[in-house]
Amino acid sequence: MAHTETQPIVSAPTNQVAGPMNIIANLIAGLQAWRRAVVSRQRLAELTPDQLRDIGHPETNRPVLEIKAGLITNLMSMR
């Protein structure tokens with residue numbers, strides 16, 4: 001589900017709905033934003049690392065084993 005947010009050139013009226021309708025409107029807006037975030041995370045979880053790199057998404061934090069050059073030599077000399 002694609003979602004885009006646009007910025008209006010002319011600002012919207014600043015009148016707010018009074019009373020309980022304002023609370024309900026805020027609740028609905030919050031639930032929609034939460035649902036969008038959940039769907040977005042699910043879609044990203046389904047992508048392969050190559051697809052994530054293609055869209056420019058940073059890689060997930062995975063443990064990386066780094067072996068420095070000469071490590072085996074140093075370990076053998078410690079024996």
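Modeller: We will talk about charged pairs and then a surface patch. Keep in mind that this is a predicted model.

Biologist: Thanks! How many salt bridges does the structure hold?

Modeller: First, the general idea: side chains of opposite charge can pair when their charged atoms come close. In this structure there are two salt bridges. One joins the side chains of E46 and R43, at 3.9 Å from N to O. The cut-off is 4 Å, so that pair counts.

Biologist: Where do E46 and R43 sit relative to each other?

Modeller: Both belong to helix α1, residues 20-46, and they are three residues apart, which means about one helical turn separates them. E46 is exposed, at 57% relative accessibility, while R43 is partly exposed at 43%.

Biologist: And which side chains meet in the salt bridge at 2.2 Å?

Modeller: Those of R53 and D50, again taken from N to O. They lie three residues apart in helix α2 (residues 49-54), about one helical turn from each other. R53 is partly exposed, with a relative accessible area of 45%, and D50 is partly exposed too, at 47%.

Biologist: Now the surface. Which residues form the nonpolar patch?

Modeller: L65, I67, L71, I72, L75, M76 and M78 do, and together they have about 800 Å² of accessible area.

Biologist: Is I67 buried or exposed?

Modeller: Exposed means over 50% relative accessible area; I67 has 61%, so I67 is exposed. You will find I67 in the loop between α2 and α3 (71-78).

Note on methods
Residues are numbered from 1 along each chain as its sequence is written. This is a predicted model: local features need pLDDT of at least 70, side-chain atom pairs count only at pLDDT 80 or more; totals for chains, interfaces and linings use all residues. Side-chain values use heavy atoms; hydrogens and water are left out. Helices (H or I, at least four residues) and strands (E, at least two) are DSSP runs, numbered from the N terminus. Buried means under 20% relative accessible area, exposed over 50%, partly exposed in between (1.4 Å probe, protein chains only). Patches are made of residues with over 30% relative accessible area and no salt bridge: like charges are joined within 9 Å, nonpolar side chains (Val, Leu, Ile, Met, Phe, Trp, Tyr) within 5 Å. Accessible areas come from the Shrake-Rupley method with a 1.4 Å probe; for residues, only the protein chains shown count as cover.
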